[in-house]
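Trainee: I would like to learn how to read a structure one feature at a time. Could we go through this one together?

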Amino acid sequence: MTAQDFETGRVATLRGIVRKLCAEHDDRLPFHGWHHIAFVSSKGVEFARRNGSDTEIVAAAALVHDLNYLVRKNSEPSAGESLRAHHLRHSGFTDAEIDRIEAVITESHTASRTCEISPEGAALSDADTLFKAVPITPVVLSHRYLAENDISLGQLARKIVDEQAPLVEEGIYFYDPDARDRYLPWATANLDLWKSLLDSLDDPDVKELLRSVNVR
Ligand SMILES: [Fe+2]
């Protein structure tokens, strides 16, 4: 089953709702907008198919996993729980399925995920993590994260290094072995970039350079 297999039914309904929400609030979601959701949904279903998990649950979780950014900027996933439940229920998911989807989103959260994770959580996590590790993200999307969440470049670098470096050390940056083989070099290159960026911020001339181009 692929993302294209959900052309009808509950996932298709939910996709239409989330896509419309993203379009309506495009100015508030320069980083976590439809481009991010579409990528994570597509890769999430691919990883779910590979690890034998419930593709419909992963597809639904991927579609709603970042709705918290519509509720409050720079927020945790829990801030979006009510909004997620509302749209999932409207799309035809049962209360038990909504609870399951919420659990998958919670266990796949980058800041708190561990080696104890369900196949569905692993599929969502790998898809969301891959978006962070794709080499184009720091080049063409990072400034959008700063704008969306109103944080400084140093704060973003610190967040990335603090949250993601331990995951590499624990061997759970990616859960899927093939994803690990294919994408871990991108992840480590990305982390090295952010570590170097943090290091560079100790240089007063680099700080002045940032100030002169109006970057916090
Ligand atoms: Fe995400």
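Trainee: Where is the place of Asn74?

Mentor: Before that, a word on what we have: this is a predicted model, in which local features need pLDDT of at least 70 and side-chain atom pairs count only at pLDDT 80 or more, while totals for chains, interfaces and linings use all residues. Residues are numbered from 1 along each chain as its sequence is written, and side-chain values use heavy atoms, with hydrogens and water left out. Helices are DSSP runs of H or I with at least four residues, numbered from the N terminus. With that in hand, Asn74 is in the loop between helix H4 (68–71) and H5.

Trainee: What is the phi of Asn74?

Mentor: As a general idea, most residues other than glycine have a negative phi. Asn74 is not a glycine, and yet its phi is positive, at about 55 degrees. Asp150, in the loop between H8 and H9, also has a positive phi of about 55 degrees without being a glycine. Just after H5, Gly92 takes a positive phi of about 110 degrees.

Trainee: Is Asp150 buried, partly exposed or exposed?

Mentor: The words follow the relative accessible area, found with a 1.4 Å probe on protein chains only: buried is under 20%, exposed is over 50%, and partly exposed is in between. Asp150 has a value of 49%, so it counts as partly exposed, and Asn74, with 40%, is partly exposed too. Ala96, in helix H6, counts as exposed because its relative accessibility is 57%.

Trainee: Which residues coordinate the iron ion?

Mentor: To read a metal site, one looks for donors, which are N, O and S atoms within 2.8 Å of the metal (3.2 Å for Na, K and Ca); water is not among the atoms, so sites may look incomplete. Here the iron ion is coordinated by His36 and His65 through NE2 and by Asp66 and Asp128 through OD, at 2.1 to 2.3 Å. Along the sequence, these donor residues follow the spacing H-x28-H-D-x61-D.

Trainee: Why is the arrangement around the iron ion irregular?

Mentor: Four donors count as tetrahedral if all angles lie between 85 and 135 degrees; four count as square planar and six as octahedral if opposite donors are over 155 degrees apart and all others between 65 and 115; anything else is irregular. In this site the 4 donor atoms subtend angles of 83 to 171 degrees, and therefore the arrangement is irregular.

Trainee: How many residues does helix H10 have, and where does it bend?

Mentor: The expected span of a helix is 1.5 Å times one less than its number of residues. H10 (residues 177–200) has 24 residues and reaches 34 Å between its end C-alpha atoms, close to the expected 34 Å. A bend at a residue is the angle between axes fitted to the seven residues ending there and the seven starting there; H10 bends by about 55 degrees at Tyr183, with the proline Pro185 following within four residues. Pro185 is partly exposed, with a relative accessible area of 46%.

Trainee: What covers the buried residues of H10?

Mentor: The buried residues of H10 include Tyr183, Asn190 and Trp194, and what covers the buried residues includes helix H2 (34–51), helix H7 (119–133), helix H8 (136–149) and helix H9 (153–169). H7 is itself largely enclosed by the rest of the structure, because 13 of its 15 residues are buried.

Trainee: Where does Ser53 lie, and what does Ser53 touch?

Mentor: Contact means heavy atoms within 4.5 Å. Ser53 lies in the loop between H2 and helix H3 (55–64), and, not counting residues up to four places away in sequence, Ser53 touches Ala48, Val58, Pro119, Glu120 and Ala123. Ser53 counts as buried because its relative accessibility is 9%. Its side chain also joins that of Asn51 in a polar contact of 2.7 Å, a polar contact being a pair of N or O atoms within 3.5 Å; within protein, one must be able to donate a hydrogen and the other to accept it, and residues adjacent in sequence count only if both atoms are side-chain atoms.

Notes:
Helix = DSSP H or I, 4+ residues; strand = E, 2+ residues; numbered from the N terminus.
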